[in-house]
Amino acid sequence: MDIFGRLTIESLPFYSAIAASGAAVTVLGGLSVVAVITYFGAWRLVLFQWLSSVDHKKIGIMYIMLALVMLVRGFVDAAMMRSQQAIALNSDGYLPPGHFDQIFSSHGTIMIFFMAMPFLSGLINLIMPQQIGSRDVAFPFMNAVSLWLSMAGAALVLISLVIGKFSTAGWTAYPPYSGLEFTPGVGVDYWIWAVLISGFGSTMSGINFLVTIIKCRAPGMTMFRLPLFTWTVFITSVLIIFAFPALTVACAMLALDRTLGMHFFTNGMGGNMMNYINLFWLWGHPEVYILILPAFGVFSEVVAVFSQKRLFGYISLVLATMAIGLLSFTVWLHHFFTMGSSARVNSFFGTMTTIIAVPTGVKVFDWLLTMYRGRIIFKPPMLFTIGFLVTFVIGGLSGVLLALPPIDYLMHNTTFLIAHFHNMIIPGVLFGYLAGYMFWFPKAFGFKLNEKWGTRAFWCWIVGFYVAFMPLYVLGLLGMPRRMEHYEIAAWQPHLIVAAFGAFIILLGMICLGVQLWVSVRDRIEALDLTGDPWNGRSLEWATSSPAAPYNFAVLPKVECRDAWWDMKQRGVAYRRPEKYEDIVMPKNTFAGAVIGAAGFAFGFAMIWWIWWLALLSLAVIGAAIIVRASNDDDEFVMPASEVKAIEDARFPQLAKAPKNAMEDEPGFAGQPAPEAAA
Amino acid sequence: MTVENARALRWRPCASIVLAAASAAVLCGGCSVLDGPVLSPSGPISLAQRDLLFKAVAIMMIVIVPVFVMAAIFARRYRGTNRKARYTPNFDFYWPLEVVVWGVPAAIIVWLSLHLWHYTYQLDPYKEIDPGVKPLQVQAIAQDWKWLFVYPEQNIAVVNELAMPVNTPVSIAITSDTAMNSLVIPALGGQIYAMAGMQTRLNLLADKTGTFWGRNVQYSGRGFADQQFQTLAQPKADFDAWVEKVKQSAKALDAAAYEALAKPSQKVPVTYFSGVEPGLFDKIIAKYSHGDSDRMPRHSNTGAMD
């Protein structure tokens with residue numbers, strides 16, 4: 001057996017100019033990161049402050065950096081597909097089928113697993129512990145392992161552009177097509193191992209977040225005083241814990257089929273592809289809610305803060321979130337009404353699906369009622385929220401249509417379906433995450449993002465969304481299937497050209513996001529957030545300094561009601577100097593997480609290319625890292641009270657320098673919380 | 001103009017751009033989509049599916065329109081700079097409103113669910129369209145990357161062309177000799193998956209003559225985009241003439257010819273076979289299932305069993 005398994009020099013992408021340039025961009029991107037770190041002499045900082053960090057805020061930031069990089073990569077895939085379809089009437093376009101198929105597979109895989117999931121974990125990591133008045137997540141080291149396993153999965157997808165080819169089986173990898181018989185190359189294996197390895201990280205994140213919310217809340221922070229973002233994280237964590245094992249099992253069985261020649265899902269020999277499809281969507285449908293519930297949480301925070309008003313219908317919103325969480329496990333079959341189930345089975349799952357529209361509708365109206373009799377300030381996060389509200393209900397409409405089995409028979413596998421789920425995921429998930437990114441950025445870095453460029457990004461995204469995806473609804477009604485590399489029906493082309501133009505507008509939105517980051521870093525001194533509370537916030541994350549101290553809270557806050565921080569401001573106990581500080585026990589940094597991630601990457605790579613010695617070696621490294629870390633009792637240090645005092649004392653002169661909340665300059669500002677406002 | 005007004009006005013042009021773009025997209029879609037297979041159907045099944053689509057859209061407007069209206073009015077009226085609007089920062093619960101926001105969507109869903117059950121049973125693709133009329137039997141076999149249609153009663157087979165007499169129910173038994181496929185003829189009705197070792201079924205009827213495209217819509221590899229066929233819905237006499245024409249073909253679909261045909265190929269022209277190996281469809285299924293009928297997604301084709 002060859003020492004490099006099935007890896008040969010032919011695996012390099014010199015067979016096609018487009019593939020080779022994709023590989024070149026990937027390699028140059030990696031090299032330029034190394035070059036920038038070296039240029040700034042930042043290796044010590046990167047290694048000892050970030051790669052080895054177990055601080056939930058830094059881990060959150062690294063997750064979001066990964067998400068933004070993968071958003072760019074996923075968008076490039078989308079732009080290539082849109083341009084190919086715009087020109088491929090009776091022509092092959094510029095992408096051959098084998099390449100086009102890899103692109104739609106990697107677009108979906110990247111956007112779900114390596115853009116949305118890291119973005120979600122990043123926002124949760126950054127904010128949730130601070131919202132519940134905690135100093136950290138429950139298991140800081142496990143948190144680092146989760147991050148580095150996600151990185152390992154993303155790295156496998158990226159490296160597939162350079163070595164070998166990616167899957168052509170779509171982001172769902174339906175067998176038997178994804179089996180060895182039809183796709184013998186490494187592509188599907190890249191998909192399997194990237195998803196499996198990052199899936200382990202996601203499962204551990206779910207456990208971590210759930211335990212954190214149950215065990216680490218500040219005194220007085222009862223469950224029904226939790227900010228709504230934390231509530232959505234709570235439900236999402238439950239969904240992650242119950243749903244991800246189904247994906248792990250499905251992927252592992254598919255890997256056994258492909259690697260050891262087993263027959264779980266093959267055409268013959270007793271295999272049955274229907275089992276995979278059930279397992280996949282048993283994860284896949286809850287996954288949609290895993291992604292969107294925290295975005296709903298962001299919208300709930302944003303709409304209250306920028307309407308300068310209490311959130312309307314808190315209990316309704318919590319109950320609706322629970323209902324969605326529960327129902328999300330009862331609808332998976334609606335992804336395959338067309339697989340031959342009886343009318344009775346299809347009716348049941350169709351009905352359960354339409355029922356989800358009820359709690360979702362409740363949420364939409366509660367957000368609107370939060371705006372009612374408010375004083376709305378149109379900052380970029382609020383713009384994304386309003387854009388979401390209006391656009392999302394269109395996706396809800398098409399979703400209910402697809403939940404009706406007779407209509408699904410017609411619209412399934414067409415671009416109508418594509419338009420529907422992008423209509424949920426772009427305004428619902430991505431707008432939510434972008435709103436959260438612009439809302440909480442000052443909490444991460446101590447300065448605000450540029451609002452002008454944020455507003456421009458919003459308008460490009462929302463206009464681009466409509467122009468790119470409304471034509472896909474029309475194309476669905478014209479019968480156009482998804483995943484068409486070329487086509488012969490001339491009536492489709494005008495719509496595809498419009499859609500491609502929409503993708504171009506979204507590109508402008510991406511550019512605005514990039515410019516926003518650049519301009520904000522350049523002008524950060526003018527946008528410093530000295531108070532830690534740049535938006536006149538309501539929940540506890542705004543009680544900490546921006547960026548928060550490593551321990552978040554020098555003294556754990558005492559919570560007396562919902563909107564805990566607003567209440568403290570109202571009672572005049574905010575920013576109060578405690579009488580004394582105490583020693584704080586903190587977790588020590590460790591490289592074990594990064595080592596496990598690197599070994600996880602090596603293991604995945606080895607399993608893809610059948611390099612068995614490397615697989616065993618990397619498994620041994622993971623085992624050793626866990627054992628060494630677990631037997632090390634010296635994993636915490638004590639930050640003495642004097643050091644805490646020094647850090648906190650440095651904050652008070654800053655507060656004195658910025659007595660005014662930045663929102664007070666807004667013409668729409670409704671006033672600081674004051675005792676009389678409580679009436 | 002005050003500063004406040006100027007700020008409030010600033011985002012209004014942007015809003016109108018959105019509206020303009022959205023309506024342009026809808027308009028440019030509007031004209032051609034009405035002639036599309038989904039909105040101008042050619043059979044009772046697809047017609048009923050379209051009617052359900054219209055009904056569902058209409059009922060949901062009860063929820064959708066208020067969202068648009070409220071979003072527009074609230075965003076404008078309660079903008080921070082409008083000091084004339086009422087401001088109630090602590091207004092966070094009012095039970096009649098809660099009843100409405102839960103009650104109205106729930107009522108719509110109850111109405112919709114009743115329709116859903118009715119239509120799902122009525123339009124079950126396994127259900128015979130008219131129990132009094134014996135349907136034309138067709139067996140569809142998905143191959144890489146083409147469709148083979150066998151007419152067992154006529155003892156003919158055709159690649160990439162499906163003919164049927166108009167106003168006669170057609171019952172298509174479907175299987176796959178390759179990866180999973182999905183058979184759809186949008187003008188006539190919905191789709192159903194084709195899976196190896198299993199048989200699924202689609203009952204259709206064309207009540208207009210014409211040529212309607214059909215295809216595989218489940219991605220199945222590099223030849224997927226070209227895996228399509230034409231459906232000829234003809235008067236009975238024309239259909240009989242078509243059958244005679246196929247019977248004139250010199251080619252017969254014996255086991256060897258089938259093996260050759262089943263190999264992956266793309267853009268295969270319409271091909272006629274005047275005779276078919278007996279029991280070919282069942283043999284293709286048995287190749288994968290070894291007679292294990294438990295693998296079937298559904299045992300019966302009457303829709304009575306689950």
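**Close-up 1. Leu389(A) is placed in helix α11 of chain A.** In this predicted model, Leu389(A) has 25 C-beta neighbours inside 10 Å and therefore counts as buried, the cut-off for that class being 20 or more. When neighbours within four places in sequence are left aside, the contacts of Leu389(A) include Val364(A), Trp367(A) and Leu368(A) from its own chain, together with Val67(B) and Ala71(B) from chain B.

**Close-up 2. Helix α3 (residues 56-87) and helix α5 (residues 140-159) of chain A pack against each other at an angle of about 15°, their axes lying 10 Å apart.** This angle makes α3(A) roughly parallel to α5(A), since angles under 35 degrees are classed in that way, and the crossing of the two helices is left-handed. From α3(A), the residues His56(A), Ile59(A), Met62(A), Tyr63(A), Leu66(A) and Met70(A) meet a set in α5(A) made up of Pro140(A), Asn143(A), Ala144(A), Leu147(A), Ser150(A), Met151(A) and Ala154(A). The residues of this contact of α3(A) with α5(A) divide into 10 nonpolar and three polar, with no charged residue.

**Close-up 3. Strand β5 (residues 170-176) of chain B pairs with strand β1 (residues 136-143) and is joined by bridges to strand β8 (residues 200-204) of the chain.** Six of the seven residues of β5(B) are buried, so the strand is largely enclosed by the rest of the structure. The pairing of β1(B) with β5(B) is in the parallel sense and extends over seven bridges, and Gln139(B) stands opposite Ala173(B) of β5(B). With β8(B), β5(B) runs antiparallel and is joined by five bridges; here Ile174(B) stands opposite Thr200(B) in β8(B). In a regular strand, side chains alternate between the two faces of the sheet.

How values were computed: Residues are numbered from 1 along each chain as its sequence is written. Chains are lettered from A and ligands numbered from 1 in the order in which they are written. This is a predicted model: local features need pLDDT of at least 70, side-chain atom pairs count only at pLDDT 80 or more; totals for chains, interfaces and linings use all residues. Axes are lines fitted to C-alpha atoms, for helices over the stretch in contact, and angles run from 0 to 180 degrees between N-to-C directions. Helices (H or I, at least four residues) and strands (E, at least two) are DSSP runs, numbered from the N terminus. Angles under 35 degrees count as roughly parallel, over 145 as roughly antiparallel, 65 to 115 as roughly perpendicular and the rest as oblique. A crossing is left-handed if the near helix is turned anticlockwise from the far one by less than a right angle, and right-handed if clockwise. Two residues are in contact if their C-beta atoms, placed from the backbone, lie within 7 Å. Ala, Val, Leu, Ile, Met, Phe, Trp, Tyr, Cys and Pro count as nonpolar, Asp, Glu, Lys and Arg as charged, and the others, Gly among them, as polar. A residue is buried if 20 or more other C-beta atoms lie within 10 Å of its own, exposed if 12 or fewer, and partly exposed in between; C-beta atoms are placed from the backbone. Two strands pair if DSSP finds at least two bridges between them.
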